[in-house]
Amino acid sequence: MTTTEIPAADGKGLVKIGQPLLRREDEPILRGEARFTDDVPIPGALYMEVLRSSHAHARIRSIDTDAARTSPGVVAVYTGADLAGEWVGQIPVLIAPDPAPLLAPRWGPIATDKVNYVGEPVAVVVAETRARAADALEAIVVDYDVLPAVVSPEDACTDRVVIHDELGTNKAYTWEVVITPESVDAAFADAAYTVKQRHIQQRCLPAPMETRAVCAVPDPMGGGGFTLYSSTQMAHLLRTLLAMTVGVPEQKLRVIAPNVGGGFGSKLQTYPEESLCLALARRLKRPVRWVEDRSECGVAMIHGRGQVQDIELAADSDGKITAVRVHLLGDLGAHCKLFTPGIPVIGGPFYHGCYDVPAFAITITSVYTNLPPTDAYRGAGRPEATYAIERAVDGLAAEMNMDPAEIRRRNFIPPFENGHQTVCMVPFDSGNYEPALDQALELAGYEQLRKEQADRRASGSTKHLGVGIASYVEVCGYAPSRMMAAGGGKFSLWGTSVVRFLPTGKIVVTTGSHPHGQGHETSWAQIVSDRLGVPYEDVEVLHSDTAIAPYGVLTGGSRSLSVEGAALSVTCDKVIAKAKTLAAHLLEAAEGDLEFNDGSFNVKGTPSRALPITGLAHTAAFDAHLLPEGMEPNLSAETTWDPPNFTFPFGTHIAVVEVDEETGAVALVKFVAVDDCGNQLNPVIVEGQVHGGLVQGIGQALFELAAYDDDGNPLSPTLADYLVPSAAEVPSFTLGSTVTPSPSNPLGTKGVGESGAIGSAPAVINAVVDALAPLGVTNVIMPASPMTVWRTIQAARAAAPNAKENGR
């Protein structure tokens, strides 16, 4: 899906950072040989099925499980009341708005007296087969006292119906940042131009290819421990949180994440089913497993987005933005998951985008509704912020009758290499935004597109051409511990790695990262081959098993390479330093006289006397009597890397659409993405990550909507009702890149896993609005389905029947 082809190698011998390599973990997946959680054979396992609430808001009067208990093959049936004694604590909220107080309701893995969204667990059946368990669910009878539902954040703000009685309100918090309020007010008072817009970030389903799956296995040797298999993005953190809630001692719990078929943030959670499987395996003393079906996935998995955005810009007569003011209403859903209240706040400092804005104010109010909880979904707050500012910047361009590219040029933060303090006091690492815009315009053929657009308009064509631009900056590399704590984080996000030479010169790397499609095995082996000068195929990478890998927190927020990869790079340097001391001793030379190239040490100027690092590994392991005094045997090192700053990728995306005014159909005919993720470790993986992000952002713009009726019933819980775009719905992508190294880590990388999802949605909607500008259209809500677009056109015609071209 790209117009450029990168010649990629399978990876043999010495490889370098920046070299295109095919992912070595792909072959078993493509051959169907990879094992996902539900593929793991567990002899004697029982199967759990979950009865979920059919109401968005109701009190539970009674649950009759008698018939289910006597169903064939059923081992046990439990309600929330039956399992109340299994829980020793509550899952904490790990990111909260600071210093705003957070009102958060208590909740457990299974409801006891009240349900607050369709899909909330109310009972479980454990049976000898999955089919028997599913059949028995049908025999459970729940008597509900149905209550009015709150399904929109605007309604929630009124407290017409208070969802959580103990809180007394639906408002979770109000978080406010105002930089020099007098400057904001003065900027709007003195502005030559102002823009005021409202945007809706609809709820989206993460819809990973692999739904969630869990299997809890008691220690067969009777030691009181458990092994939990889970399709998770956070094996180590999951272990810690389950120990805190289920009460299994952490040292007695091993968590393994087999191959994970996509996550996008949705598997950065502790879900009820993990706690339930573990508690039931403990109670029944047998393995218990569960796999989510696709219908469950739409209501039992977190949702993404869910915001109402009001944004205002002030600008002077030259189009220079002088202030940005934002009021944001966040839909948290029924209760807080791990990061739920922090998602709107994470995006808060990015509502000024990559623009040099002197005055800024933002107020975020988040509320509870009777819908599934929202949480991190590819981009987590940054796509929402980018959408609002990029739509507003296009609105300013239209107001001033200025080209959208030119308005961006006039407002970009000037280039910087080692830090820029933004108006929100966020220290960007490095940036040079205009070259990305220039490259995107060139790749798109921008001038020719504008000429074609003008010709179509002059001819009276009913198929309108639109060109949309979106420039973005985002934050990755989660997270520097001190900065994380200052922003309301309740945990640290450092990275870990171990590099160990084996006596034969082969290498085992263990990492705290948990890959699920990012190519970590390829990338980590590539770093080690480059740094240590060893054959790529001689590097084994172990991960995603708490009994093997060093403590790693999670994989998300495009942090793996700039944090976990940086830890690995530092670890390689430690190995080289120890090997250099040994080489100097064996060569009877000073360390300062040695150089290290392509895996060997030699005295400067005498390359013929070289000691390969693989040979030194053998000496360090088996010939310890040759080591210098005080040196420990074995050649290995370990690092925990706490980065000094976040990283801030950026770029420009351009979408070209054709909109049929008679049907409202939008055809995306071209898409250009130019992204700057700092130094690129492997361009093949970069392109793959951008492709996936683009499709998800385009999906939100044109296709995806987790729809609910007024009673909180889901209208699109399955893929029959919820359109996830495929290759058939998107064009081939034209990709480019600029390189601005980050000073925040030794690799100079920034992260690219979410970039595609951040710039694409505003680019597409800007293109749709640009296409329909002659008809008087100034906004189209997402998703821009044919019906939505057609209705928008009719409304614009009714409001201004003689709408003329806006002059672009």
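Which residues of helix 5 (residues 181-190) are buried? They are Val184, Ala187 and Phe188. Buried means under 20% relative accessible area, exposed means over 50%, and partly exposed lies in between, with a 1.4 Å probe and protein chains only. The model is predicted, so local features need pLDDT of at least 70 and side-chain atom pairs count only at pLDDT 80 or more, while totals for chains, interfaces and linings use all residues. Residues are numbered from 1 along each chain as its sequence is written, and side-chain values use heavy atoms, with hydrogens and water left out.

Helices (H or I, at least four residues) and strands (E, at least two) are DSSP runs, numbered from the N terminus. Seen down the axis of helix 5, the buried residues fall within an arc of 90 degrees, so they line one face of the helix. The arc is that of the directions from the helix axis to the C-beta atoms. On the face turned away from the buried side, helix 5 carries the exposed residues Glu182, Ala189 and Asp190. The cover over the buried residues of helix 5 includes strand 7 (171-179), strand 8 (193-204), strand 13 (304-315), strand 14 (321-333) and strand 15. Contact here means heavy atoms within 4.5 Å.

Phe360 lies in strand 15 (residues 360-368). Phe360 is buried, with a relative accessible area of 0%. Leaving aside neighbours within four places in sequence, Phe360 is in contact with several residues, among them Val184, Val324, Tyr351, His352 and Cys424. Phe360 and Ala187 are 173 residues apart along the chain, and their C-alpha atoms are separated by 9.9 Å.

**Two helix pairs**

Two packed helices are described by the angle between their axes and the distance between the axes. Axes are lines fitted to C-alpha atoms, for helices over the stretch in contact, and angles run from 0 to 180 degrees between N-to-C directions.

| Helix pair | Angle | Axis distance |
|---|---|---|
| Helix 6 (235-246) and helix 7 (272-284) | about 60 degrees | 11 Å |
| Helix 18 (683-702) and helix 19 (755-772) | about 40 degrees | 7 Å |

Helix 18 is therefore oblique to helix 19. Angles under 35 degrees count as roughly parallel, over 145 as roughly antiparallel, 65 to 115 as roughly perpendicular and the rest as oblique. The crossing of helix 18 and helix 19 is right-handed, the term for a near helix turned clockwise from the far one by less than a right angle. Among the contact residues are Gly693, Leu694 and Gly697 of helix 18 and Ala757, Ser760 and Ala761 of helix 19. By class, this contact has 9 nonpolar, 4 polar and no charged residues. Ala, Val, Leu, Ile, Met, Phe, Trp, Tyr, Cys and Pro count as nonpolar, Asp, Glu, Lys and Arg as charged, and the others, Gly among them, as polar.

Helix 6 and helix 7 are likewise oblique to each other, and their crossing is right-handed. Leu238, Leu242, Thr245 and Val246 of helix 6 meet Glu274, Ser275, Leu278, Ala279 and Arg282 of helix 7. These residues divide into 5 nonpolar, 2 polar and 2 charged.

In helix 17 (residues 613-622), the buried residues are Ile613, Leu616, Ala617, Thr619 and Ala620. They fall within an arc of 165 degrees seen down the axis of helix 17, so they line one face of the helix. Their packing partners include helix 15 (520-532) and helix 16 (560-587).

Arg450, in helix 13 (residues 446-459), is buried, with a relative accessible area of 13%. Not counting residues up to four places away in sequence, Arg450 touches Asp403, Pro404, Val467 and Asp770.
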